[in-house]
Amino acid sequence: MNPRLAGSLRVTALALLWGSGFLWIKIALTGFTPIQITLLRMALGAAVLLVILRLSGLHLPRDRKTWGHLTVAAFFGNALPYLLFGIGEQTVSSATAGVINASTPLWTVLVAVLAYRSRSSARKNAWSLTLGFAGVLLIFSPWNHTTEIASWGGLACLGAAASYGISYVYIGKFLVSQELGVLRMATGQLICATLLTLAMVPFFEWTIPHFELTSVLAVFILGTFGTGVSYILNYQIITDDGPTAASIVVYLLPVESIILGLVALSEILHLQLILGPCLYFWQDIYENLIIKIQNS
């Protein structure tokens, strides 16, 4: 197969897995609570990666310090945001959750600026951050009381996106330099996330799940494909096609979540869900175009 075509197929597959996750969460909520969905998808994802790790002849990290860092990364990168998206989608649409999730790069930049206290970085990213968070404000439109977005559910989704941003900065600071390899790191992280979610169970109401086919299938897809297989696919894209190809997925997720919400769930599309992401991304796209022109 043509390498470029193979790369395009990988990017499309990853976008489908991640972008459809908000749809599957919405469907899973018809039979399970947010904490149940989070625990099951973590356990399924960890099981998938453990099998792949074993087949690859690799082993889990053995250093206690590494496991400490993996636990922190798992809390902010998996357990907390997955739970918050489940809580959020109890009151907001899957399309809304997907669009708010697209603000993750903004939070990553903001957390990095604050963590490293770099004045030059703050000045460099000031315009992009201002414009991006103007997009967030537009999506929530707190002056418009006729939508469900400006609600606790919307704030939960926003908290999930911010949590992702914290995790990316933390992983970049404490785990990437250890050269664990993405498969070992992802497997260890999902194991920690499963245990963390299990520890949170007593703090949430545990009702008897409704084992309907659609909700069970949604959780299964979320765990095995959306949480397990997608990690491996993302790693393959980064290594074979480069980080630029992997970053394209970020632009596809809100589009896909909106389309799936409209088609599969007949959700109402609010205008701010289209205009907000335009403010997220236009500065980033512009800067990438300038870089390409300068390098051509």
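Student: What pattern does the protein chain follow when read along the sequence?
Tutor: The pattern is α-α-α-α-α-α-α-α-α-α-α-α. That comes to 12 helices and 0 strands. Keep in mind that this is a predicted model.

Student: How much of the protein chain counts as buried?
Tutor: Of its 296 residues, 49% count as buried. The accessible surface comes to about 15100 Å², and 69% of this belongs to carbon and sulfur atoms. As for contacts between residues at least 6 apart in sequence, 88% join residues at least 24 apart.

Student: How do you know that the length of α1 agrees with what a helix should span?
Tutor: Take its 17 residues, 3-19, at 1.5 Å a residue: they should span 24 Å. The expected span uses one less than the number of residues. The end C-alpha atoms of α1 are 24 Å apart, so the two values agree. The buried residues here include A6, R10, L14 and L17.

Student: Why is A73 called buried?
Tutor: Set its value against the cut-off. Buried means under 20% relative accessible area, and A73 has 1%, so it counts as buried. You'll find A73 in helix α4, residues 64-88.

Student: Which residues is A73 in contact with, leaving aside its neighbours within four places in sequence?
Tutor: They are N78, S167, Y170, I171, L175 and Q189. Look at L175: it is 102 residues from A73 along the chain, yet their C-alpha atoms are separated by 8.9 Å.

Student: Then why is L271 called buried or exposed?
Tutor: L271 has a relative accessible area of 56%. Exposed means over 50%, so L271 is exposed. This residue is found in the loop between α11 and α12.

Student: Which residues form the nonpolar patch on the surface?
Tutor: L271 is one of them, along with V255, I259, L262, V263, L269, I274 and L275. Together they have about 700 Å² of accessible area. The most comes from α11, with 4 residues.

Student: Which residues have the most contacts inside the largest nonpolar core?
Tutor: I37, F85, I139, F140 and L175 do, in a core of 59 residues. Helix α8, residues 152-174, gives the largest share of this core, 9 residues. Apart from this core lies another, of 8 residues, among them V11, L14, L17 and V249.

Student: What does F140 touch, not counting residues up to four places away in sequence?
Tutor: F140 touches I100, I149, A150, G154, L155 and L158.

Methods: Residues are numbered from 1 along each chain as its sequence is written. This is a predicted model: local features need pLDDT of at least 70, side-chain atom pairs count only at pLDDT 80 or more; totals for chains, interfaces and linings use all residues. Side-chain values use heavy atoms; hydrogens and water are left out. Patches are made of residues with over 30% relative accessible area and no salt bridge: like charges are joined within 9 Å, nonpolar side chains (Val, Leu, Ile, Met, Phe, Trp, Tyr) within 5 Å. Accessible areas come from the Shrake-Rupley method with a 1.4 Å probe; for residues, only the protein chains shown count as cover. A salt bridge is a side-chain nitrogen of Lys or Arg within 4 Å of a carboxyl oxygen of Asp or Glu. Helices (H or I, at least four residues) and strands (E, at least two) are DSSP runs, numbered from the N terminus. Buried means under 20% relative accessible area, exposed over 50%, partly exposed in between (1.4 Å probe, protein chains only). Contact means heavy atoms within 4.5 Å. A nonpolar core is a set of buried Ala, Val, Leu, Ile, Met, Phe, Trp, Tyr and Cys residues joined through side-chain atoms within 4.5 Å.
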